[in-house]
Amino acid sequence: MSIGLNDALQKYLLDASLREPEILARLRQETRRVAADRAGMQITPEQGQFMALLARLIGARRLVEIGTFTGYSALAVMLALPPEARLLCCDVSAEWTSVARRYWQEAGVADRIELRLQPALDTLGELTRADWAGTVDMVFVDADKDNYPAYAEAAIGLLRPGGLLLVDNALWSGRVADPADRSPGTEAIRRVNAMLRDDPRVDFSLIPIGDGVALARKRGPDEG
C-alpha cells in the first residue's frame, strides 16, 4: 500500500490504474505466503508499474538492481522492455532469489537477467572496473539501508547522462520524519535523500509512491 493513502483511496488508485499481469499477481501472493514476516520488503504493484513506465520512457536497455528479494521489481520492469534489454541483479539470498528465478523462467525473461549472489558493493566495484561507468540506463536500490549512501554514489557513477536512479523506502514508513528515530537505517535514508537533493550532478524528486521513491536523473555535462 502506498504511504499516506487511506484504504478507500488506495482501492481507487488500484482500480483506476493498475494493469498488473497475472504472473506478477501470483508472485506477490506467493511472497506473502512463503515470506509472511518479510512480505513488506516487496514493492507495491503500483510502484512496479511506475518503474516499468519510467524504464520504457527512457528506452532502458542496461539496468542494475541492488536488492532483488523474490524478484517482483525485476520482473515488472523486464516484462515492459524489449528482448535486447538486460538486467543485472545484486543480492545475497539464494533462498529468496530462487523464487525470483522460477518466475523469471516462467515469464520468459530469465535469459535476460543476470543474478550475482554476493555483497552488492563488491558487484558494483566489479562493474566499475569492467568499464560499465557511464553506460547504465537505470539503477534501482532496495537493499540494506545502512549502505544506501554508498549504493547511490556508485549508481551515479554507473549511470549514463539521462539515466535514472530509483531509491526505495525513501520515506521509510514515516520514520524519516520522526526526529526521535536515530536508528542507523533511518539515518542512512535521511543521508541519501539529502545527498541527492544537494547533488548538482542530478535532477531530483522525492515521490510518495509505495514506501517512497527517491528519483534522480543524471545530468549531462552541459546541463546546469
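Visitor: What makes the span of helix α2 close to the expected one?

Guide: Helix α2, residues 22–34, has 13 residues and reaches 18 Å from its first C-alpha to its last, close to the 18 Å expected at 1.5 Å a residue. The expected span is 1.5 Å times one less than the number of residues. Helices are DSSP runs of H or I with at least four residues, numbered from the N terminus. This is a predicted model: local features need pLDDT of at least 70, side-chain atom pairs count only at pLDDT 80 or more, and totals for chains, interfaces and linings use all residues. Residues are numbered from 1 along each chain as its sequence is written, and side-chain values use heavy atoms, with hydrogens and water left out.

Visitor: Why is C89 called buried?

Guide: Buried means under 20% relative accessible area, exposed over 50%, and partly exposed in between (1.4 Å probe, protein chains only). C89 has 0%, so the word buried applies to C89.

Visitor: How do you know that C89 is in no disulfide?

Guide: A disulfide is a pair of cysteine sulfur atoms within 2.5 Å. A search of the whole structure finds zero disulfides. For C89, the nearest cysteine sulfur, that of C90, is 7.5 Å away.

Visitor: Why is α1 called oblique to α3?

Guide: Helix α1 (residues 7–17) and α3 pack at an angle of about 40°, with their axes 11 Å apart. Angles under 35 degrees count as roughly parallel, over 145 as roughly antiparallel, 65 to 115 as roughly perpendicular and the rest as oblique. The angle of about 40° therefore makes α1 oblique to α3. Axes are lines fitted to C-alpha atoms, for helices over the stretch in contact (heavy atoms within 4.5 Å), and angles run from 0 to 180 degrees between N-to-C directions.

Terms used: Helices (H or I, at least four residues) and strands (E, at least two) are DSSP runs, numbered from the N terminus.
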